Amino acid sequence: MTKPASLPLLLVVLTVTTGLIDAVSVLGLGRVFTANMTGNVVFLGFALAGVSGFSPARSLAALAAFLAGAVIGGRLGGRLDGSRRRWLATVAIVESSLLFAAALAALGYDSERLVPVVRLYSLIALTAVAMGLRNATVRRLAIPDVTTTVLTLTLTGLGADSFLAGGQNPRFARRVASVVAMLAGAVVGGILVLSVGVGWPLAASGAITLLATLTYVARPAASEDA
């Protein structure tokens with residue numbers, strides 16, 4: 001399967017939405033990650049240790065929903081991998097639909113008091129399923145340094161492959177772009193959550209995901225189909 005240059009660009013754009021969703025989940029859903037499961041496991045540890053402000057129920061709900069999304073993503077990838085365009089378009093439609101549903105669920109939700117509780121857990125579940133689906137898809141694509149949701153290995157590569165370490169800085173621009181994209185999404189997401197609530201950044205994430213992916217799959221390049 002070929003890896004056209006525009007695919008890493010698409011994933012960098014999608015990385016922006018991770019920053020938006022991380023801002024929503026951490027700032028608006030009670031200190032829980034629904035995109036970054038490494039951070040969420042750490043938050044779960046804090047909750048189990050009795051640290052104030054962290055909830056084992058919220059963290060476990062996010063983990064369960066994320067795994068469910070990963071299962072869905074794996075099944076879609078297995079069934080539709082014969083056509084990259086159809087596969088990615090389907091994933092984008094499902095993921096963006098979940099994010100738009102989350103934006104609707106945010107209507108009437110109070111992110112300061114975390115009520116109504118039903119809406120809180122609906123938001124956690126919808127966003128975590130969407131991100132599990134996303135991660136399963138990106139994992140199957142296997143594009144180096146643009147996982148769209150975590151930066152640990154990307155930052156490690158920047159250091160370990162740098163000229164200071166005797167390396168040649170491979171994919172330097174892609175790695176830096178991923179870091180900047182997530183940072184930008186987090187900044188914008190934080191501003192939106194604090195000023196207008198969680199609904200708008202969720203709607204923006206859905207729109208970016210759908211439009212960016214459909215723009216990619218609409219490109220007239222037959223070699224992009226497996």
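Modeller: Let's start with side-chain classes: Ala, Val, Leu, Ile, Met, Phe, Trp, Tyr, Cys and Pro count as nonpolar, Asp, Glu, Lys and Arg as charged, and the others, Gly among them, as polar. This is a predicted model, so local features need pLDDT of at least 70 and side-chain atom pairs count only at pLDDT 80 or more, while totals for chains, interfaces and linings use all residues. Residues are numbered from 1 along each chain as its sequence is written, and side-chain values use heavy atoms, with hydrogens and water left out.

Biologist: How many cavities of 30 Å³ or more does a search of the whole structure find?

Modeller: On a 1 Å grid over the protein atoms alone, a cavity is a set of points where a 1.4 Å probe fits but cannot get out; a pocket is an open set with protein on both sides within 12 Å along at least five of seven lines; lining residues have an atom within 4 Å of a point. Here the search turns up one cavity of 30 Å³ or more. The space in the largest cavity comes to about 100 Å³. It is lined by 13 residues, and L14, L88, V91, T137 and T213 are the closest to its centre.

Biologist: Which helices each supply at least two residues of that cavity's lining?

Modeller: Helices are DSSP runs (H or I, at least four residues), numbered from the N terminus. Helix 1 (6-28), helix 4 (84-105), helix 5 (117-141) and helix 8 (199-217) each give at least two residues to the lining of the largest cavity. By class, that lining has eight nonpolar, three polar and two charged residues.

Biologist: What is the volume of the largest pocket?

Modeller: About 210 Å³. Its lining has 13 residues, with N135, A136, V138, R139 and T147 nearest the centre. Helix 5 provides the largest share, five residues, and helix 3 (56-80) is also a source of at least two. The lining of the largest pocket splits into eight nonpolar, four polar and one charged.

Biologist: And what volume does the second largest pocket have?

Modeller: That one has about 160 Å³. Again 13 residues line the pocket, and A103, A106, L107, G199 and W200 are the closest to its centre. Helix 4 and helix 8 each contribute at least two lining residues. The lining of the second largest pocket has 10 nonpolar, three polar and no charged residues.

Biologist: How many salt bridges does a search of the whole structure find?

Modeller: A salt bridge is a side-chain nitrogen of Lys or Arg within 4 Å of a carboxyl oxygen of Asp or Glu. The search finds five. Take R134 and E95, whose side chains meet at 2.6 Å, N to O. This pair links distant parts of the chain, with R134 in helix 5 and E95 in helix 4, 39 residues apart.

Biologist: Are R134 and E95 buried or exposed?

Modeller: Buried means under 20% relative accessible area, exposed over 50%, partly exposed in between (1.4 Å probe, protein chains only). Both R134 and E95 are buried.

Biologist: Which residues are linked in a network of salt bridges?

Modeller: D145, D161, R171 and R175. D145 bridges to R171, with the closest N and O atoms 2.5 Å apart. D145 sits in the loop between helix 5 and helix 6 (152-160), and R171 in the loop between helix 6 and helix 7, 26 residues away. D161 pairs with R175 at 2.9 Å between the closest N and O atoms.

Biologist: Why does R175 count as buried?

Modeller: Because its relative accessibility is 4%. D161 counts as partly exposed because it has 26%.

Notes
Grid points are joined across faces, edges and corners, and a volume is the space filled by probe spheres set on the points.
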